[in-house]
Amino acid sequence: MATLPVDDRAITERFGPHLSVMTGLRLSTTAEPERLVKTHCCFCGQQCGIQLKVRDNQVIGFEPWEEFPFNRGMLCPKGVKRYLQGAHPDRLIAALRRDPSAPHGFSAIGYDEAVQTVAAAIDRLQRTHGPQAVGLLGGASLTTEKTYLLGKFARMCLRTPYIDYNGRLCMVSAGVANKKAFGIDRTTNPWSDMVGTEVIWVAGSNVAECSPITTNYLWQAREQGARIIVQDPRITPAARTCDLYLPVRPGRDAALFAGVLQLLIEHDWLDHAFIEQHTVGFEQVAEYCRQWTPARTAEVTGVPERSLRQAAEWWGTAATSFLFHARGIEHHSNGVQNVLGTINLVLASGRIGTPKCGYGTIVGQANGQGGREHGQKADQLPGWRDISNPEHRRYIAGVWGMDEKDMPGPGVDAYEMFRRIDAGEIKALLTICFNPKVSLPDSTFITRCLEKLEFYAAIDFFLNDTARHADVVLPGSLHEEDEGTVTQVECRVIKINKAVDCPGEARQDWRIIQDIARGLGRDRGFTFESPREIFEELRIASKGGVADYSGITYEKIERQMGVFWPCYSEDPETGRPVDHPGTPRLFERGSYNPVARGAGPFYFPDGRARFNVAEYRPPVDDAGDEYPIYLTTGRVVSQFLSGTQTRRIGPLVNQYAEPRIEIHPRLAAKLGIADGDWATAETRRGAMTLRAMVVTTIRPDTIFIPYHWPGEKSVNRLTVAAQDPVSKIPQYKVCGCRVRRADGPPAYAAVLEPQQ
Amino acid sequence: MATPDHLHFFIDPSRCIGCQACVQACTECDTHRGESMMHLEYVERAESTQTVPVVCMHCEQPTCAEVCPADAIKRTGDGVVQSAQRPRCIACGNCVMACPFGVPELYEDRQIMMKCDMCYDRSSVGKKPMCATVCPSQALFFGSREQIAQLRPLSAPVNRFQFGDQVITTRVFTMVPRATAARQPWVDVTAAMEDRPPARAIMLRVLPAAPPAPADAPDPFAEVVI
C-alpha cells in the first residue's frame, strides 16, 4: 500500500520541513573546531571546494577553501549554509514503517527488521511476478560509487531492467546530443578556457542563480574583452549587462540556432578546412537551414532580426569562442535537437579542441556528470557502456562474475517507469535521492501511480514528499557522513570526504543497499567494506569504456585537486601501463582516443565529429487560444531541486520563502493583477494560486514559477509530461497556461509555513 | 596585527548577481555570528535584477565617528573603522543617521551599534574578509591594486564620493568604467539617486561624464505581442 498513511499535514507536523537555525556551537564566537575537513558542496554541479568545521561529531560551520582551483573559496548562499542540514530536528535517525494508527503516519522500527521487511517484500513480489516487478530510482547527487553500486544491484542482485535516475530530468538531452555529435558525452574544456576568449554564448542558462560560480568566469572573460550573448526569455542577472540579449520565446531554440547558422552560411563565416577535415554531415544541415531565413527565424523565435544578425556576425567572425547551455534549451520535448543546434554552430566555427575555444553543458546536480556514466541509467553499464551491446555486456558480466545471459536488457526512463507502475507491471519501488512527487511533471499522475504500488521503500535522510508514501523508510546518510567521488561540471573527478558519523540508526547508503542484498540472500558481489573498494572495482569496470576512470585513484585526485576523465591506466595507443594525468581538454588536434585510434580527435571510428540536422518542432501543449501564455519553470539561487534539504535550512528559506509568479507589468495590467496580489495560473493539468511578482525582466507573453516546493505550491502540478523522443527529458520549460487574479488567498496560506 | 596597507576592498555593482552569498557568509563571521553586517538591496526589482552590495566604506574622516557623542567609534591605524566600542556606545543612533552610505545599524536588544569592520579578525591576520572570499561574481574583491589592474582592465577603482557639498574619501573602492573614471574620478551619489532605473540595466550614473544613460535603451520586449 503506498497511499499516504494519514493526512499530509499530520506528517508535516512531525517530519517537517522545519527550519534549522544557528544555535549552540553554531552560534558561538569562541568555539574552535577540532578539525577542518576539505570536501565539496553537496548541491549543484559546480561542486565548489569547501572546508567544514567539525567539533563533537557535528559540522559547526565552514571555512573557505581558497586553494581549490575551480572556485578558489567562492561559494553561493547554499554552500555557505549547507552545513545547517546536519544535526537537524527533521533528520531520520531510525527506520520507519508506515502506520496509519500512529498520529503522524509512521512508527520507528529496528533497522534490521526494516531491511528484512524490504527484502521479504521484494522477494515475494519477484517470486510471484518475476524480477521486473521491482523498479529502482536513483539520483545524480549520489557519489559515483553509490550510483555504480545501484546499477550493479539492479542488474546482478535484483535482475530487473527497471532502473533509472533523476538525471533523466536534467542532463540527458545534452548527453544524447554530445554522443551523437562527438561520440563522447562530456563538457569539452576546463572553465579556465573561458577567460581570454572573444565571444561567449550563454544559451538557456541562468548562471547567476543556477551555477553562481560560473559568473566570475563570465565577468573575467568580459574584463578581458569577451562579448557576451545571452539567450533567455528572462533578463537574468547575466543578461542584464550582456552585450547582446536574445529574448527567445520559450521552446524556439532550435529555430534560433538554425537561423543563425543560415546567416553564417550566407556570409561564409565558416571554417571550411575544419568542416572538411574533421566533420561529416554539413551538407544536410545546410540544406535544412535554408528555410530559416532571418525573417522567418525572427517570427518564430520572437528575437528581432537585427539581434539575430548581430549574433551571427559576432559568432561568425570571432577567432575564439565558448558556448555553453543548460536546462533552458534542454528541458524540452525538442531538447536533443536544441543541443544539436548549438553543436552545429560550434562545429561550423571549427572552434573546439584548442585553448580558449570550448563548448559545454552546465550540469545541474552535484554528480550530474559522474552519475550518468556508471550504470544507474536505464540503458547503460559502467564506463558509458551500452547495455544492449553484447561485447559491453560480456565485459561487465565478467567484472561482476555473473553470466551475461542473466543480465537484464535496457529498462525505461524514469517517467515511463511510472507509466508501468500505472499499468501494473512494476509493483514495487525502491527510491534513493529522488523526489519524483515534486520533481516530475504532471505530478498528480505521479501521486496516483505511487498509490498503486504494492510495496514502496525509500532511502533518505529526511522524509521527502515522495517517501511519505513508503511502506518502509530506511535512514540514509548525508553528504558529509560518507566519502566517495563525484564528477563536476568540467568533468573533473573530485573527492567527497567524510566529516561526521551517521547519527542514530542511520547508515551510509551503500551499506543499506548491501544489507538489502544480504537480506535477499543474494549478497555475492555486495560485500564491499568501503567506498574505496567500490571505486577500485569501478576503475576496472570503466576500463576500456569511453568514460575510462581506470587511471584515477583517490590519491591522484587529492594530489592534482581533481582528475579529468578519460584517465587511463594503460596507454590506449601502446597498451603499456601509464601514469596518466587525465584529459582536461578534449578533441585536441592530433590527440589519440581509443575509439578513433588515431584517425582523428573525435570519438568515432573515423575520428570525425557529426553535424546532425537539428530540426525545430513546436512544443507539445504550446500556448494557444485557450491557454495563451507560456509557462516556464526553473530555480532560485537559495533553493535546490525539490527542496528536501534547502527547504529545511532557515537562512536559505528566509532568502526566498515561497514561490511567486513572475509576470510582466503589461500582462499583469491586462489581467488586472498588481504586484503582491494572489494570482492563479492554470494549465490543462491543474491550477495553483501564488503571489504575483510584477517585473519587467520577463517576456510579456511568459510567466515564470520556480519549482522547489511541494503540494499546492508545486509548479509540476501544472507542467506537461511531454518528453523528448530520444533523451526522454520532460518539457519543463514551456507549456500553455492562463492566469487570472485570485479572489483571495488559497486555503494553504493560513495553515502551512512558507517552506512546507 | 593590522590589515596590510597594500590590500584593499573593491566593490563592482555591475558584477553583482544578488545571490546573497555575502550576507549569508557575513553571519558566519566569528565576531558577530548570526548577524549580517552586509547590506544587499535591489535598486528597483520591478525594473531590473540590479542589486548593490554595501560594506562599510571605511572613510578617511568617518562621519559616524565625528558625530558620536561618546567617542565610541575608532579608526585604527590601518584605516579600518571599527564597530562601536563597549562600554562607550550609548546607542543614541547618531551614527546611523549620519553615515552617508547607510551602513551602521543599532541593535536595540544589545544597546549597541554594530557594522562591518572589514572582518578585522580575518583581514588583520592576512586573510580576506568573508564576503569577498565567497562572492561568486567577485562583485566584492579583496586584493592589491596591482591585482585589480591586471584582472579588470576595463574598470578603474574610485574612492571619492560626492554627497551634495560633502566629498568623502574612503579606504574601500568602487569600480567604474575606466574611460569615464579617467575623466572624473569621483562618484556623484546624489546625482545617481535621481536616475530612473531602465528596463535592462542600471549602470549607476555615477559620473557626470558617463555615456548616455541606458534609460534610453530600447525595451528588449517592445515587439512582444500579448
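This section describes the core, a sheet, a helix and the chain contacts of a predicted model.

The largest nonpolar core has 296 residues. Within this core, A:Val260, B:Cys22 and B:Cys131 have the most contacts. Helix H9 of chain A, residues 253-266, gives the most to the core, with nine residues. Nonpolar side chains tend to be buried together in soluble globular proteins. The contacts of A:Val260 were listed without residues up to four places away in sequence. On that basis, A:Val260 touches A:Leu308, A:Ala311, A:Ala312, A:Trp315 and A:Leu345.

Chain A also holds an open sheet of seven strands. The strand order is E5-E4-E18-E17-E16-E6-E7, and the pairing is mixed. Strand E5 (106-109) and strand E7 (163-165) of chain A are the edge strands. Each of these pairs on one side only. On average, neighbouring strands of the sheet are turned by 20° against each other, direction ignored. Strands of a sheet pair through backbone hydrogen bonds, either parallel or antiparallel. In chain A, strand E16 (residues 428-432) and strand E17 (residues 455-460) pair in the parallel sense. Five bridges join E16 and E17 of chain A. A:Ile432 stands opposite A:Ile459 in E17(A).

Helix H7 of chain A spans residues 214-223 and is mostly covered. Eight of its ten residues are buried. These are A:Thr214, A:Thr215, A:Asn216, A:Tyr217, A:Leu218, A:Trp219, A:Ala221 and A:Arg222. A:Gly225 follows H7(A) and has a positive phi, near 105°.

Between the chains, 39 residues of chain B are in contact with 46 residues of chain A. On the side of chain B that touches chain A, helix H1 (21-26) and helix H5 (130-134) of chain B are the elements that give two or more residues. H1(B) gives the most to this side, with three residues. The residues of this side of chain B divide into 17 nonpolar, 13 polar and nine charged.

One further position in chain B was examined. B:Asp188 lies in strand E9 of chain B, residues 187-188. B:Asp188 counts as buried because 20 other C-beta atoms lie within 10 Å, and the cut-off for a buried residue is 20 or more. B:Asp188 and B:Pro69 are 119 residues apart along the chain. Their C-alpha atoms are separated by 29 Å.

Definitions and conventions:
Residues are numbered from 1 along each chain as its sequence is written. Chains are lettered from A and ligands numbered from 1 in the order in which they are written. This is a predicted model: local features need pLDDT of at least 70, side-chain atom pairs count only at pLDDT 80 or more; totals for chains, interfaces and linings use all residues. A residue is buried if 20 or more other C-beta atoms lie within 10 Å of its own, exposed if 12 or fewer, and partly exposed in between; C-beta atoms are placed from the backbone. Helices (H or I, at least four residues) and strands (E, at least two) are DSSP runs, numbered from the N terminus. A nonpolar core is a set of buried Ala, Val, Leu, Ile, Met, Phe, Trp, Tyr and Cys residues joined through C-beta atoms within 7 Å. Two residues are in contact if their C-beta atoms, placed from the backbone, lie within 7 Å. Two strands pair if DSSP finds at least two bridges between them. Axes are lines fitted to C-alpha atoms, for helices over the stretch in contact, and angles run from 0 to 180 degrees between N-to-C directions. Ala, Val, Leu, Ile, Met, Phe, Trp, Tyr, Cys and Pro count as nonpolar, Asp, Glu, Lys and Arg as charged, and the others, Gly among them, as polar.
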